[in-house]
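Please read the following explanation with the sequence and the three-dimensional view open side by side. It moves from the chain as a whole to its helices, and then to the contacts and charged pairs.

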Amino acid sequence: MKWRLSELGGVSRRTFYRWRELGYGPAAFKLPNGELRVWRSDFTTGLRKLEAAA
């Protein structure tokens, strides 16, 4: 199952990519068209990491 950036409550795309650069964001994989996808379980784990870092 995939999620949408809008589920983060207004977090910008740049912030999401920054979190990934810092290792806080969820693991993602790239589709042939260049779009990123994240599994729901990885999304949930990523959010828990962010909460712990806050």
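Of the 54 residues of the protein chain, what percentage count as buried? The answer is 17%, and that value, like the others in this account, is computed from a predicted model.

The overall plan comes before the details. The secondary structure of the protein chain amounts to 2 helices and 2 strands, and, read from the N terminus on, these elements follow the order α-β-β-α. The radius of gyration of the protein chain is 11 Å, close to the 10 Å that the globule rule gives for 54 residues, so the chain is as compact as a globular protein of that length. Taken along the principal axes, the box that the C-alpha atoms fill is roughly 35 × 20 × 20 Å. The accessible surface of the protein chain comes to about 4000 Å², and 53% of that surface belongs to carbon and sulfur atoms. As for how the chain meets itself, among the contacts between residues at least 6 apart in sequence, 35% join residues that are at least 24 apart.

Which residues of H2 are buried? They are Phe43, Gly46 and Leu50, and because they cover an arc of only 65° around the axis, they sit on the same side of H2. On the other side of H2, by contrast, Arg48, Glu51 and Ala52 are exposed. What covers the buried residues of H2 includes helix H1, which spans residues 13–22.

Leucine 50 is found in helix H2, and its relative accessibility is 18%, which is why it counts as buried, the cut-off being under 20%. When its neighbours within four places in sequence are left aside, leucine 50 is in contact with Trp19 and Tyr24. The C-alpha atom of leucine 50 is also separated by 7.5 Å from that of glycine 25, although these two residues are 25 residues apart along the chain.

Helix H1 also holds tyrosine 17, which at 30% relative accessibility counts as partly exposed. Between tyrosine 17 and lysine 30 there are two separations to compare: they are 13 residues apart in sequence and, C-alpha to C-alpha, 13 Å apart in space. Lysine 30 itself is found in strand S1, residues 29–30, and its relative accessibility of 61% makes it count as exposed. Not counting residues up to four places away in sequence, lysine 30 touches Glu35 and Leu36. Its C-alpha atom and that of alanine 53, 23 residues apart along the chain, are separated by 26 Å.

The charged side chains remain to be considered. Side chains of opposite charge can pair when their charged atoms come close. How many salt bridges does a search of the whole structure find? It finds 3 salt bridges. In one of them, the side chains of arginine 14 and glutamate 21 meet at 3.3 Å, N to O. In another, glutamate 21 meets arginine 18 at 3.6 Å, N to O, and these two residues both lie in helix H1, 3 residues apart, which is about one turn of the helix. Glutamate 21 counts as exposed at 53% relative accessibility, whereas arginine 18, with a relative accessible area of 40%, is partly exposed. Salt bridges that share partners join Arg14, Arg18 and Glu21 into one network.

A further salt bridge links the side chains of glutamate 35 and arginine 37, at 2.9 Å, N to O.

Terms used. Residues are numbered from 1 along each chain as its sequence is written. This is a predicted model: local features need pLDDT of at least 70, side-chain atom pairs count only at pLDDT 80 or more; totals for chains, interfaces and linings use all residues. Side-chain values use heavy atoms; hydrogens and water are left out. Buried means under 20% relative accessible area, exposed over 50%, partly exposed in between (1.4 Å probe, protein chains only). Helices (H or I, at least four residues) and strands (E, at least two) are DSSP runs, numbered from the N terminus. The arc is that of the directions from the helix axis to the C-beta atoms. Contact means heavy atoms within 4.5 Å. A salt bridge is a side-chain nitrogen of Lys or Arg within 4 Å of a carboxyl oxygen of Asp or Glu. The radius of gyration is taken over C-alpha atoms; the globule rule is 2.2 Å times the number of residues to the power 0.38. Accessible areas come from the Shrake-Rupley method with a 1.4 Å probe; for residues, only the protein chains shown count as cover.
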